[in-house]
Amino acid sequence: MTRVVDLTQPLGPDTPGWPGDGPFTATVQWTIAADGAYGRRIELSEHRGTHFDAPAHFAEGGATVEAIAADRLVVPARVIDIAERCAADPDALLTAADIDAHEAAHGPLAPGSALLARTGWDRHLGDPARYVGDLRFPGFGTDAAARAVERGLLGLGIDTLSVDRGIDDAYPVHLTTLPAGLWHLEGLVGLDALPPTGATLVVGVPRVVDASGFTARVLALLPG
Ligand SMILES: [Zn+2]
């Protein structure tokens, strides 16, 4: 028996996005009444809502989305919860010291797995001004990103707009992990439903050619 947890935001015109990444627009092309079928054409940033970052997002010559092998998209997940700290401080970081404490309790991060940061920031999704917060939201520390690379992880994920905290506008985490071939999941929701260890992540990202990233359906499988 397996339980499935959806870690994905609904995606539409009201989904908060990075400032300046343009609107989500949907244009109806066919209606059942007029055409016998319903279909739309959609325009959006590759980084809107719950989405995947491919290495090419920050690394010249890095892999684009269609080139990521399927077995790198179904991976064991570790979850570190720093929500309490983030509630008190929007600039809080998940640090290497947090990884030390997690590893002491649950064993070393295994190569081929992913590390997810639960900040609790998804509770602000109903208030986009707070969720985006003039780019004041928590993230990973550069020391934690370096540790993820050292451990041979395949990816990082977080429940904010970016794995880099909002005030880190030089993107030190992106510049540590993406050139090393890791991927990111950003804009996740519901990480409080996951245990620190034991979940399997399924990253359903369409194989869009030459994409720097793309909106994704992200599921976690838990032992029933
Ligand atoms: Zn992104």
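Arg136 counts as partly exposed because its relative accessibility is 37%, where partly exposed covers the range between buried (under 20% relative accessible area) and exposed (over 50%), judged with a 1.4 Å probe and protein chains only. This is a predicted model, in which local features need pLDDT of at least 70 and side-chain atom pairs count only at pLDDT 80 or more, while totals for chains, interfaces and linings use all residues. Residues are numbered from 1 along each chain as its sequence is written, and side-chain values use heavy atoms, with hydrogens and water left out.

The side chain of Arg136 meets that of Asp91 in a salt bridge, with N and O 2.7 Å apart; a salt bridge is taken as a side-chain nitrogen of Lys or Arg within 4 Å of a carboxyl oxygen of Asp or Glu. This pair links distant parts of the chain, since Asp91 sits in the loop between α2 and β6 and Arg136 in the loop between α4 and β8, 45 residues apart. Helices here are DSSP runs of H or I with at least four residues, strands are runs of E with at least two, and both are numbered from the N terminus. Asp91, at 16% relative accessibility, counts as buried. By the salt-bridge rule, the count comes to nine.

Another of these bridges joins Arg147 and Asp100, whose closest N and O atoms are 2.9 Å apart. Arg147 belongs to helix α5 and Asp100 to helix α3, so the pair ties together parts that are 47 residues apart in sequence. Arg147 is buried, with a relative accessible area of 13%, whereas Asp100 is partly exposed at 40%. A salt bridge is also found between the side chains of Arg165 and Asp168, with an N to O distance of 2.9 Å. Arg165 is buried at 18% relative accessible area, and Asp168 is buried at 19%.

In α3, the buried residues are Ala96, Asp98, Ile99, His102 and Glu103. Viewed down the axis of α3, these residues fall within an arc of 150°, so they line one face of the helix; the arc is that of the directions from the helix axis to the C-beta atoms. Ala104 and Ala105, on the other side of α3, are exposed. The cover over the buried residues of α3 includes β5 (74-81), α2 (83-88), β6, β7 and α5. Gly107 follows α3 and has a positive phi, near 95°.

Helix α5 (residues 142-150) has Ala144, Ala145, Arg147 and Ala148 as its buried residues. Down the axis of α5, they fall within an arc of 160°, so they line one face of the helix. Among the elements covering them are β6 (93-94), α3 (96-106), β8 (139-140), β9 (155-158) and α6 (172-177). Just after α5, Gly152 takes a positive phi of about 75°.

Which loop holds Thr119? Thr119 is found between β7 (114-118) and α4 (128-132), and it counts as buried at 0% relative accessibility. Its side chain makes a polar contact of 2.6 Å with the side chain of Asp159; such a contact is a pair of N or O atoms within 3.5 Å, where within protein one atom must be able to donate a hydrogen and the other to accept it, and residues adjacent in sequence count only if both atoms are side-chain atoms. A polar atom of the Thr119 side chain also lies 3.0 Å from the backbone nitrogen of Trp121. Not counting residues up to four places away in sequence, Thr119 touches Ile82, Ala83, Cys86, Pro138, Ile158, Asp159 and Thr160, with contact meaning heavy atoms within 4.5 Å.

The His47 side chain makes polar contacts with the side chains of Asp53, at 2.9 Å, and His57, at 3.4 Å. Beyond neighbours within four places in sequence, His47 is in contact with Asp21, Phe52, Asp53, His57, Ser212 and Gly213.
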